[in-house]
Amino acid sequence: MNARSIGLLTAAFFLLLGSAQVFLSLRLPGGLGISAAEPGPGLFPAVVGTLMAVAASIHLLQTVMTRGDAEDPVARNPIDIIFLIGTLSAYILLLPRAGFLVSAFLLLLGTLSIFGMPGLIRRAVTSALMTGISYLIFTQALRVNLPAPTWFS
Amino acid sequence: MNAFEGLAFGFSIALQWPNLLACFAGVLIGTVVGVLPGIGPIGAMALLLPVTYSMSPAGALIMLAGIYYGSMYGGSTTSILLKVPGEVSSVITTLDGYEMARRGRAGAALFVAAIGSFVAGSVGILGLAFLAPLLASTALRFGPPEFFSLCVLGLLVLSRLTGSSLVRAAVMVALGLALSTVGMEPMSGVARFTFGSLDLAQGLELVPIAIGLFGVSELLAAAHDKLNAERPLPVRLRELLPTLAEWKRSQWPIVRGSVLGFLFGLIPGPTAIIATFSSYALERKLSKHPEEFGQGAIEGVAGPESANNGAAQGAFIPLLALGIPFAPASAMLLTALLIHGAQTGPLLMTNSPEIFWGVTSSMYVGNVMLLLLNLPMIGVFVALLRLPPYFISSLVTLLCVVGTYAISNSLLDLWVLLASGIVGYGLRCLKFEPAILLMALALGPILERSFLQSLFLTQGNLVEILERPIAGTMCVIAVLVLLQPIYQWLKSVRQSPVRAPV
């Protein structure tokens, strides 16, 4: 997909988003209000949605009018990005069940691999050390309340 | 309380042990953040916001402000030694700073950068102490129309200064404002765009979005680009002092950079970056040896490094005097003020003098600490650059998720963080400016409240705003700011057959 197609899709997405906001604002209880002097809860979001839709329409027109030989702005091989998003999602899903220690260990194991640390054993040892030290700092020094595992309770 | 009494009172607050410790922690973290490319001051401030919950409001602000101006000091180190700016506002320093380092004058460049930053910081604090009370007393006469027009003007100027096209900037402003409307409506209490979620009824927190846009998106970019550790050029302690000639050449650029930076700091937007470029251009124009610029001219380090610190201090004025954040870092400080229950706006100085004067005076204390930290301990900070990037990136990832969770122990915040990171990465790839989105999100509630109150006040006739001197003037300036790129576009269309985007 070239830059022009991505630009068109982006502009269309924002046009849709702005239009959806205007539509949902009109359906709010009280909507736009009785008059300009007595505005409802939907007035400000409707103005904002209109601004987004108008700006996106102009962006769409500008993109249509440009030539399509620009370089693709999106990463060609996004496998590491997808892995990082997956690792972060797994951390969020695991956190309330497995608790901080297990989730953070797995998160660090994943990120050290993604960011290129060599050797599985080195990665595992580093993750365990970083998890332990950070747990002590967060809970003891900074008084942060971190979740405990709930799987076995 | 006049400015001198205020400063004396402020020092009595800033020199209390807990606040001194907070200041030291802030400037130390700020320097480390500035030295390490990747996590910026906004991400660091957002991450440490939950840590400030147990502090006094003044202590919390002192620490967070220290991170911000401390990062400006640290940013110059990597620019000079690696040609990699730790902060965007240090980009211009790479031109002459790195050339000086290659010629064995790294120590002198770092020394001049630190002294320039200190002078600029001191000028900024005096400006803050004398100008902010004046502005705040004027702002006491501000009504909703004035705040409304000020927010609109701020967003417009910000959109024009970020380098993004007007249309892309407008999309970002609208997206930020749209996100700010999620949750309870301020007047009627109607839940908007919550889709039945009780968590969303509280509205979207600024901090997870800030960490996502500026922290997680950076990590996603790093995952793709796989940064390599660079080896910094060596600095010996005895090389730190500049020669008499270098010192003489630096004096006026430091003074000019400090004043220029401070004035730029008052304007909304990424003014620290613009101030550095303007200072560099000014010094090159005034120099007797403009051909030396880019080849290791010390003026090219002294001016911009003073300017970025001056701008960092100047940016505190709109926040502390008006309660309006004009930069993402100020938005973080405003969030901290609100979390600590402090009255923001022109009354901050009257109702919470310990916060206003304590923070102002602590900046002077922090600048002295930074001078002491950045010169003798330069070797320690340089050693940080030898840490493998995979270690730093993994640590930052952990800090992002723990920092976000610690705000309100909410899993929703973590999902917002991840979504904001993905959106932030996408926006960067598509050349949209996430800073505009964040500022619009921060200004959204103030803008909406003043918009609705203005409608009540004018009985629905917003044109009446133009009849008020301050609001009217700001509206006229806003229209001029809006028309300027359209005028330029029309001019370019008339002059060239190729159409440039607005």
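**Figure 1. Helix H19 of chain B is mostly covered, with 15 of its 20 residues buried.** Keep in mind that this is a predicted model. H19(B) runs over residues 389–408. From its first C-alpha to its last, the helix reaches 30 Å, close to the 28 Å you'd expect at 1.5 Å a residue. What comes after H19(B)? That's Asn409(B), and its phi is positive, near 50 degrees. A handy thing to remember while you look along a helix: an α-helix has 3.6 residues a turn, so residues three or four places apart point the same way.

**Figure 2. Chain B is built from 22 helices and two strands.** The radius of gyration of chain B is 22 Å, close to the 23 Å that the globule rule gives for 502 residues, so chain B is as compact as a globular protein of that length. Along the principal axes, its C-alpha atoms fill a box of roughly 70 × 60 × 55 Å. Buried residues make up 60% of the 502 residues in chain B. Now for who touches whom inside the chain: of the contacts with a separation of 6 or more, 78% join residues 24 or more positions apart.

**Figure 3. Chain A meets chain B, with 56 residues of chain A in contact with 51 residues of chain B.** Which elements of chain A give two or more residues to this side? They're helices H1 (3–26), H2 (43–65), H3 (79–114) and H4 (120–141) of chain A. H3(A) gives the largest share, 16 residues. Sort the residues on chain A's side by type and you get 41 nonpolar, 13 polar and two charged.

Definitions and conventions. Residues numbered from 1 in each chain as written. Chains lettered and ligands numbered in written order. Predicted model: local features only at pLDDT ≥ 70, side-chain atom pairs only at ≥ 80, totals over all residues. Helix = DSSP H or I, 4+ residues; strand = E, 2+ residues; numbered from the N terminus. Expected span 1.5 Å × (residues − 1). Buried ≥ 20, exposed ≤ 12 C-beta atoms within 10 Å, placed from the backbone. Rg over C-alpha atoms; globule rule 2.2 N^0.38 Å. Contact = placed C-beta atoms within 7 Å. Nonpolar A, V, L, I, M, F, W, Y, C, P; charged D, E, K, R; others polar.
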